[in-house]
Amino acid sequence: MDYRIAILAVGLMLVVFASNAQEKTSSQRPLENGKTVYDTYCLSCHQSDGSGIPNLAPPLVKGEYVNGEKDRLIDIVLKGMEGVTIKGETYFNPMPPFDYLSDQEIADVLTYIRANFENSGSAVVADEVKARRSQ
Amino acid sequence: MKKHVFSIVVAASCICQALGQERIDIKLPPGFAAQVFADDVGRARHIAVTPQGHVYVKLGRVENGNGILMFEDTDKDGKADKQTGFGDYAGTGIALTRDYLYATSDSEVYRYALDNQGRVRNPDTPERIVRDLVDKRQHASKSITLDTQGNIYVNIGAPSNACQERDRMKGSPGMMPCPILDSAGGIWQFRASKPEQTYADGKRYATGLRNVVGLDWNKQLNQLFVTQHGRDQLFQLYPKLYDAQQSAELPAETLYAIDEGDDCGWPYVYYDHFQKKKILAPEYGGDGKKTGGENAKDPLMAFPAHLAPNALLFYTGNMFPARYRNGAFIAFHGSWNRAPEPQKGYMVAFVPFRNGKPTGEWEVFADNFAGVEVIDAPGQARHRPCGLAQGPDGALYVSDDAKGTIFKITYRGKR
């Protein structure tokens, strides 16, 4: 009897564990994909900690553009940016357009940077990128 | 390289900051000591020291209306105790002749007459020697040096990484021929005393140099030497040809001995210090192995990738031991393009010369400007070496454009 209960308990725990894992996976997916996109395309300039390069590439940490209006942020990725001044600091290297990334990749990487580097912006979804791309 | 680092017996010299709270140990060979000559001066780019020991500093950003600062050490304790400022423009280049101070904005060269005490006579009314040079933000800083024949040499960096149609964009091809080279990506020579010169008055003295920040006229050899910042982002732009590790280690940063008319190969080739060859850039059909630039000059020395050689100085003083005389100090600003590998540089290197040629070795001379063991991102570095100058007593000054510290390095050991 005790033996059966133990099996049942273990089975139940496995089910709970599996469903938790699945739930975690689905909500983590944009962040994980976003990190992959970030590491491939963004990290060399914005750096692993989002601190950027003094005088060359702006930090994303507590980023005014990062946390701000989504459309403006999506446009920066799609069209690139040149010689921006943020908080009195000018950054000299141009950012090229990344319009060859998919809507989903751009949405994921923006969701990732808005949730990291001391930012607290809401998630970006692929449809929002798609809408800007057709502008 | 490792061998060189460890062959230096490290002597740490304690530098207590003004408030006494934070300490940076600049690591130097035995007998050398570093002290803070001035601190928190702003974005200290290049520096120059007069025969009286006055230190002129060019600021990369105007502070309180001043783009040039002058420091004096009136009580000769090795620390500045008097400061004046002038020149309401930002820039990098600064250089001295007996009678003039030269300084640059990102598009102009100015000069100021000096009195016999090494002080500027006309701080508010400099003569503009050169104007209208290319300034497109990227690589816009204008470094300068002067020969003994009345000429000034100005670096005009290419506003580009690799002369792609669309700069730094994956898949964008290299332009052929590279139109940037007409007005940038080289060293221009102008007369040092003629006002209001433009490109039409100058001469493209050397080309194919992506961005030279460090340059010096070697008076012993009567020749121009330059250090080039090599191209960035091989992996990010060509992930099928290079991995992140290769991209962190390629291409070399390079030192060239320049003769008039030289072409150093940018953007068509880069120097691979592992293969010891000029390699065709991927923007121009290269695959990491094909060579190119048959007519382009080979570097005199190659250094690890992306370290950013921002200043070059041939040492002619008598204070340091004899092996340093006529050798080259190079200030490495420190990398950003080695991520995700840790960043490197943030030090001053020494290249020994014998009979006018490098011995082929180089060594770290002054290290630990960053103040942290592992530098993941350049913003973590406390100091970034940017300028070098030699004092009348033979001391070596190092400027830092991160915290704005001017270090003075002296030798007190056995001779």
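So, helix α4 of chain A: ten of its 13 residues are buried, so this helix is largely enclosed by the rest of the structure. By buried I mean that 20 or more other C-beta atoms, placed from the backbone, lie within 10 Å of the residue's own; 12 or fewer is exposed, and in between is partly exposed. The buried ones include A:I106, A:V109, A:L110 and A:Y112, and A:E105, A:D108 and A:R114 are among them too.

Keep in mind that this is a predicted model, where local features need pLDDT of at least 70 and side-chain atom pairs count only at pLDDT 80 or more, while totals for chains, interfaces and linings use all residues. Residues are numbered from 1 along each chain as its sequence is written, and chains are lettered from A and ligands numbered from 1 in the order in which they are written.

Helices here are DSSP runs of H or I with at least four residues, strands are runs of E with at least two, and both are numbered from the N terminus. From first C-alpha to last, α4(A) reaches 18 Å, close to the 18 Å expected; that expected span is 1.5 Å times one less than the number of residues. Just past the end of α4(A), A:F117 has a positive phi of about 55°.

Now, at what angle does α4(A) pack against α5(A)? About 115°, with the axes 8 Å apart. Those axes are lines fitted to C-alpha atoms over the stretch in contact, and angles run from 0 to 180 degrees between N-to-C directions. On the α4(A) side, the contact uses A:D103, A:Q104, A:I106 and A:A107, and on the α5(A) side, residues including A:V129 and A:R133. Contact means C-beta atoms, placed from the backbone, within 7 Å.

Zooming out, chain A has five helices and two strands, in the order α-α-α-β-β-α-α. Of its 135 residues, 32% are buried.

Next, chain B. What does chain B contain? Three helices and 31 strands. Its radius of gyration is 20 Å, close to the 22 Å that the globule rule gives for 415 residues, so chain B is as compact as a globular protein of that length. That radius is taken over C-alpha atoms, and the rule is 2.2 Å times the number of residues to the power 0.38. Buried residues make up 53% of chain B.

And where the chains meet, 19 residues of chain A are in contact with 19 of chain B.

How values were computed:
Contact = placed C-beta atoms within 7 Å.
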